[in-house]
Amino acid sequence: MSALGELRQLGTSTGGPPRKRDNKAAFLFLLPWFAGLALITAGPVVISFFLGFTDYNLIQDPKFTGLHNFQRMLHDDRLHQALGVTFIYVFVSVPLQLAAALGLALLLDRGLRGLAFYRSVFYLPSLLGSSVAIAVLWRQIFGAEGLVNQALELVGVHGKGWISDPSTALGTLIVLNVWTFGAPMIIFLAGLRQIPVMYYEAAAVDGASKIKQLRSITLPLLSPIIFFNLVLQVIHAFQSFTQAFVVSGGSGGPSDSTLFYTLYLYQRGFGNFDMGYASALAWLLLLIIAAFTAVNFWAAKHWVFYDD
């Protein structure tokens, strides 16, 4: 009997073809994931889309209002303020964060002693940066009697309440986001390790300086990694919430200077119980993130180099 015949006979004697039995087992193990996808992700997404076209306050039944919630956005001054604050936060903090991450990755790639220790230390802020504890610590550091002002007193400079001043409050949150450079740094470091050393050796023979090698070899070959980190960090920055909520006490103050988009959405939905409008705001945020992601992918063809 051939091997194929023996396999068919084995499948018949054990209740069906092996592939079908394996598929049933796989679906059985995946069932909890599918249930979570339907109940925790897909279900709320569909419901929020419906609520975006309604007037719903969590107590009374939703009332369909059509595009009224989206029309309200055109005349919502606090929404415009939240958009402005969020755009500044994204456009300033993400490039600075990626620059810090790439700079440290280049430094660590030089083969320092204790590389694993430094890599772990620098990665740690990425794990803690979005936590409530770090946000509380940040409020203390930049407070009127905080560590920053104590350090300034040593050089004869009298500081201020950095978080309580509208002109500097957002800057403290930008610094916090830049401080969480660990995750993109690890990705940059992995990308640097994949660049062949022979390129640098050939450039050195030709007399290329370190700056020339960085501009002509490192950055072009690392551009896919830069693009990957850029897309991820832009999406993450638009979704930032905890830092602004804790630092401002949930108000977005002072003078709405730290009113992130997500914080304003939270205020409308769970502060004013205007869940219909909050759902519409959530979908607007989705469209904004999708638009920025699409622009990044469109622009990538002009500066991202794939060595294939």
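I began with the ring rule: rings of Phe, Tyr and Trp (its six-membered ring) pair if their centres lie within 6.5 Å, and planes under 30 degrees apart count as stacked, over 60 as edge-to-face and the rest as tilted. By this rule I counted 18 aromatic pairs.

I noted that this is a predicted model, in which local features need pLDDT of at least 70 and side-chain atom pairs count only at pLDDT 80 or more, while totals for chains, interfaces and linings use all residues. Residues are numbered from 1 along each chain as its sequence is written, and side-chain values use heavy atoms, with hydrogens and water left out.

**Rings on α4**

I looked up F87 and F91, a stacked pair with 5.9 Å centre to centre and 10° between the planes. Both lie in helix α4, four residues apart, about one turn of the helix; helices here are DSSP runs (H or I, at least four residues), numbered from the N terminus. I then checked accessibility, where buried means under 20% relative accessible area, exposed over 50% and partly exposed in between (1.4 Å probe, protein chains only). F87 counts as partly exposed at 25%, and F91 counts as partly exposed at 47%. F91 also pairs with F292, the centres being 5.8 Å apart and the planes at 50°, so this pair is tilted. That pair links distant parts of the chain, since F91 is in helix α4 and F292 in helix α14, 201 residues apart.

Elsewhere I found F49, F53, F70 and W283 linked by ring pairs into a cluster.

**The helix α4 itself**

I read 32 residues for α4 and a reach of 46 Å from its first C-alpha to its last, close to the 46 Å expected at 1.5 Å a residue (the expected span is 1.5 Å times one less than the number of residues).

**The core**

Of its 56 residues, L79, Y89, F188, F260 and L281 touch the most other members. The largest share, 13 residues, comes from α4. Leaving aside neighbours within four places in sequence, F260 is in contact (heavy atoms within 4.5 Å) with A82, V85, T86, Y89, L170, L173, S240 and A244.

**A loop glycine**

I placed G249 in the loop between α12 and α13, where G249 is exposed, with a relative accessible area of 59%. G249 and V136 are 113 residues apart in sequence and 9.9 Å apart in space, C-alpha to C-alpha.

Methods: Core = buried A, V, L, I, M, F, W, Y, C linked by side-chain atoms within 4.5 Å. Helix = DSSP H or I, 4+ residues; strand = E, 2+ residues; numbered from the N terminus.
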